[in-house]
Amino acid sequence: MTIPTQPKEPGDDRTLPPAAASAAAPTTTTVEVGPVPSAGERPAPEEGVNAREPEGVAAASPVGRLAATVDRLRREVMTAQAEADGRALVELAKGILVERLGCGPTEAAQQLSVLAEQAGLSPLEFAVDVINQAAKDRVSEVTAAFLAAVTTAEDAEEQSAAVRLRAAESGALAAAHDTQAVADSLLQHALGPLGAVAVAIWAAGPDGSLTLAGSAGFSPGEAERWRYVPPDVATVARSGLTEGTTQWFGSLSRIGLPTIGRQTHPDGGRAAVPAGNAGRVHGVLEIAWPAPLVQQPPAVVRQVEALADLCAHTLQAYASCRGPGQEPLLLPDVSELRDLTDGLHDPALVLVPHVDSAGKLVDFRIQHVNSRFLDPAGRPRAVINGALLLEAYPMAAGGGDLFQRIERVHATGEPFRARRMSLTALVGEVPLAAVADVSISRHGSCVLLIWRIEDEAARLASLLQHAQRLGRIGGFEEDLLTGETTWNGQLFTLYGRSESSPPVPLEELAAHTHPDDAVVVGRLLRTLLHRRRPASAAFRLQRPDGVTRHMRIVAEPVLDTDDRLVAVRGAYQDISAQHWTEVALAATRDQLAQSEQHASERSRLALQLQHAIMPPTRAPLEAPGLQVAVRYRPAEEEHLVGGDWYDAVVLPSGLVMLCVGDVAGHGIEAATSMVVLRNALRGLAVTGAGPGQLLSWLNIVAHHLTGSITATAVCGLYDPARHTLRWARAGHLPPVLVRDAQAAPLPLLRGMLLGAVPETVYEEAEVQLAAEDTLLMYTDGLIERRDRSVEESLTQLLVQARTVPPTLDRQLDRLLTYSRSDTDDDTCIVGIRVH
């Protein structure tokens with residue numbers, strides 16, 4: 001809305017408020033502007049008319065008449081208070097018109113009445129419109145944005161938001177030093193129409209505490225219990241203080257945070273709104289609703305934030321007094337902080353807020369720099385004093401978060417301290433970094449920044465001292481012109497001498513060493529003193545306490561400008577632990593070499609034994625109507641020599657016994673166990689028993705006669721006359737049958753691995769073979785992989801077995817060539833092809 005600067009004359013083109021865009025020129029008719037009740041208030045009924053009496057009290061009784069009178073007087077007081085608030089706003093609007101129009105009070109009242117009548121508004125509503133146009137503050141922004149969204153006649157009731165906010169502002173300004181009255185005004189004029197039932201105004205203390213400065217809607221006892229909240233106690237109000245933004249809580253029962261009035265409305269909603277200006281949070285406005293709170297529209301959010309701004313002005317006035325007696329709270333000013341910082345032994349800066357034209361904090365000005373100040377970039381005090389913080393230290397807003405820390409301390413009053421914080425100064429576009437202990441605190445409206453930059457020389461000296469202690473190193477320097485020898489404390493400890501005793505010069509070093517090391521020490525001295533070259537030596541130091549330590553000395557000559565030897569400096573190091581470690585390591589190496597030699601001999605013996613029983617190349621077995629081929633691939637590593645075995649033999653009965661097996665483990669034990677099982681099965685096979693019975697007997701051998709070894713095996717008996725194969729398995733993979741370019745494993749039979757139990761029974765099955773059928777028996781070394789399951793590896797084998805070369809030997813060679821096993825284990829394959 002645009003307000004005219006003087007009365008609009010006929011033909012004048014100056015603008016009036018939008019509500020009076022069609023109004024004519026001002027008339028001379030005087031219109032009385034009476035008190036107008038604020039929004040949400042109803043006029044008190046006349047005496048005797050609709051006067052409600054308390055329930056249960058007869059109107060004719062004396063008590064009933066007294067109650068009705070009290071009720072009427074109470075409503076009259078409320079109406080009078082509302083009229084007073086409205087009258088204050090109307091008078092304020094008159095003053096604005098007097099200033100803008102250049103007229104007197106009477107003419108301003110006439111203009112206000114005429115314009116309000118032409119706009120179809122009440123004088124109070126029009127007065128608020130005038131105030132919003134002139135103020136251009138947070139309240140006017142909120143109401144303007146809210147009223148712009150009102151488009152229908154049904155929303156007319158919501159247009160009272162501007163009146164409510166201005167009425168609340170009027171009440172707050174009228175009682176700026178009385179936060180209790182401000183709380184009452186906020187609840188009555190602005191928050192009550194929004195459904196709120198209580199409000200609390202919290203003042204933030206310099207230590208981060210919260211004090212209940214004023215409240216409305218809460219019982220006196222509850223307000224007294226929550227008069228003070230110590231620092232670091234988590235409450236609803238503190239969440240608004242620490243987060244720095246409005247916090248909405250739908251229901252107290254869901255968050256579990258304590259707060260004032262929680263027992264009265266345990267499921268009610270709450271809002272905690274920071275109240276501050278110029279970047280400083282003076283306190284928190286907490287609003288209570290009786291029921292769970294749904295998400296509020298933006299218009300309501302802006303209203304409560306505008307009310308928090310009103311509370312900030314009140315809390316500023318509240319900060320100047322303390323306690324019920326209104327005792328002055330003395331806060332230090334800039335001059336006092338200057339005197340304080342000048343007495344400190346650490347560099348300190350006094351910072352004052354720097355705000356823009358809108359009152360927003362944008363920086364801090366360095367108001368004072370104490371005499372101990374040390375700039376990280378080495379700049380003098382005069383360059384820093386009086387400058388803006390971000391101008392002097394633009395990198396403060398970077399990775400170290402120094403500026404954000406200062407802002408937070410200024411806003412909340414909670415001090416901040418940190419050790420070894422990085423400080424960066426930008427000098428000539430070159431960042432110079434330093435490490436410092438930082439302390440930030442707020443004093444009144446100022447911020448005190450103290451930093452203690454680490455002394456690099458002292459830090460490096462400390463670092464060197466610890467390095468010498470951990471490395472057991474002691475330094476020395478010997479002046480050859482004066483004969484003075486200087487040791488550090490660590491060298492006295494290495495020598496086992498007290499620091500009050502004189503140091504040992506290099507010329508007397510031989511007297512403190514083992515006699516066998518005298519030649520080494522003499523060579524060291526000749527290199528240093530005569531050849532004037534750096535030298536080092538290892539020797540045994542005999543200490544006064546009788547302990548012998550192994551030491552290493554490293555030294556260098558110091559020459560002057562005329563190339564004359566003037567001093568020798570160097571260091572001793574105790575290498576006793578290293579020496580004994582090397583001795584123990586040498587002994588371990590000898591033992592390891594012996595162990596490796598013994599293991600190599602055992603592996604070679606196992607490999608020779610295995611090759612003697614099962615040569616890798618062997619002539620095919622001759623059997624009528626049957627072609628038999630075997631392949632054996634030993635392990636690539638000798639220490640992985642295992643117990644894989646195979647056998648193919650024609651029995652006296654004319655049957656052909658085919659078998660493969662795998663003994664658990666590697667080495668000579670596995671190889672000898674394999675020989676036992678293979679020979680035992682050959683001997684048992686001449687009995688004429690079936691493959692199931694043969695495996696049962698072989699299980700007894702494995703369990704009782706071989707030291708309880710375990711093994712897997714497949715045994716089959718092929719009948720050339722009937723072209724059938726009877727077979728059984730003991731925990732082994734089933735044979736694979738290749739027929740008509742298709743490969744599939746035989747059905748799995750029950751059978752426990754050999755040696756697991758004393759006695760067991762093995763299931764048998766018979767397979768009818770046809771001409772050109774191929775049957776493959778193998779050990780897991782053919783297919784086993786570390787990165788996939790046995791089922792996946794078996795599927796890959798079946799794919800390779802489908803290709804049938806002209807001869808059986810070529811087929812077995814092909815399977816070994818394309819095997820994808822990666823365990824480097826032994827591999828056995830027995831194949832038969834029917835003619």
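This is a predicted model: local features need pLDDT of at least 70, side-chain atom pairs count only at pLDDT 80 or more; totals for chains, interfaces and linings use all residues.

How many residues does the largest nonpolar core have, and which of them have the most contacts inside it? A nonpolar core here is a set of buried Ala, Val, Leu, Ile, Met, Phe, Trp, Tyr and Cys residues joined through side-chain atoms within 4.5 Å, where buried means under 20% relative accessible area with a 1.4 Å probe, protein chains only. The largest one has 29 residues, and L351, L402, I406, I440, L449 and W451 have the most contacts inside it. Among the elements that each supply at least two residues of this core are β9 (348-355), α14 (402-412) and β13 (446-453); helices (H or I, at least four residues) and strands (E, at least two) are DSSP runs, numbered from the N terminus. A second, separate core of 28 residues includes V649, L695, V701 and A728.

Residues are numbered from 1 along each chain as its sequence is written, and side-chain values use heavy atoms, with hydrogens and water left out.

Let us turn to G692, which sits in helix α20 (residues 691-705) and is buried, with a relative accessible area of 4%. Leaving aside residues up to four places away in sequence, G692 touches A728, Y762 and E764, contact meaning heavy atoms within 4.5 Å. The C-alpha atoms of G692 and V761 are separated by 7.2 Å, although these residues are 69 apart along the chain.

Methods. Buried means under 20% relative accessible area, exposed over 50%, partly exposed in between (1.4 Å probe, protein chains only).
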